[in-house]
Amino acid sequence: MQKPIMAVTGDETDEETELAPSHMAATTGDMPTYQIRAPTTALPQGVVMAASPGSLHSPQQLAEEATRKRELRLMKNREAAKECRRRKKEYVKCLESRVAVLEVQNKKLIEELETLKDICSPKTD
């Protein structure tokens, strides 16, 4: 036999509700449907449901934590922006040096073209 599926309701008492397959599905061949049953057992005595971590802090602690996280985020953002600006400067310097090399190469090619034009063109006086 399959173990029934357990679900937690949204009630404030945090009671568990058991979902059990309906026997009607087995006879009809349809997809199983589930019926809600009342909880059969409670938590053992002394067992307490854990609260979410956020509910254990005071409003002042939450504000301090938010401030600390914001400052950390801003600091990381400043460092990332600084690194981005450094990489951009390096990239621009690389482009400028490439432009200088290409300008020199272009000037040499223009001079070579002029020389070849002089050599190949018929001289008319």
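**Reading helix α2**

A: Arg87 has a relative accessible area of 47%, so it is partly exposed (buried is under 20%, exposed over 50%, partly exposed in between; 1.4 Å probe, protein chains only). This is a predicted model: local features need pLDDT of at least 70, side-chain atom pairs count only at pLDDT 80 or more, and totals for chains, interfaces and linings use all residues. Residues are numbered from 1 along each chain as its sequence is written, and side-chain values use heavy atoms, leaving out hydrogens and water.

Q: Which residue meets Arg87 in a salt bridge?

A: A salt bridge puts a side-chain nitrogen of Lys or Arg within 4 Å of a carboxyl oxygen of Asp or Glu. Here the partner of Arg87 is Glu83, at 3.9 Å from N to O. The two are four residues apart in helix α2, so about one helical turn separates them. Helices are DSSP runs (H or I, at least four residues), numbered from the N terminus.

Q: With which residues does Arg86 form salt bridges?

A: Arg86 pairs with Glu83, closest N and O atoms 2.5 Å apart. Arg86 also pairs with Glu90, at 3.0 Å. The whole structure has four salt bridges.

Q: Which residues make the nonpolar surface patch?

A: Patch residues have over 30% relative accessible area and no salt bridge; nonpolar side chains (Val, Leu, Ile, Met, Phe, Trp, Tyr) are joined within 5 Å, like charges within 9 Å. Tyr91, Val92 and Leu95 make a patch of about 270 Å². Val92 is partly exposed, at 34%.

Definitions and conventions
Areas by Shrake-Rupley, 256 points an atom, 1.4 Å probe, with all protein chains shown as cover.
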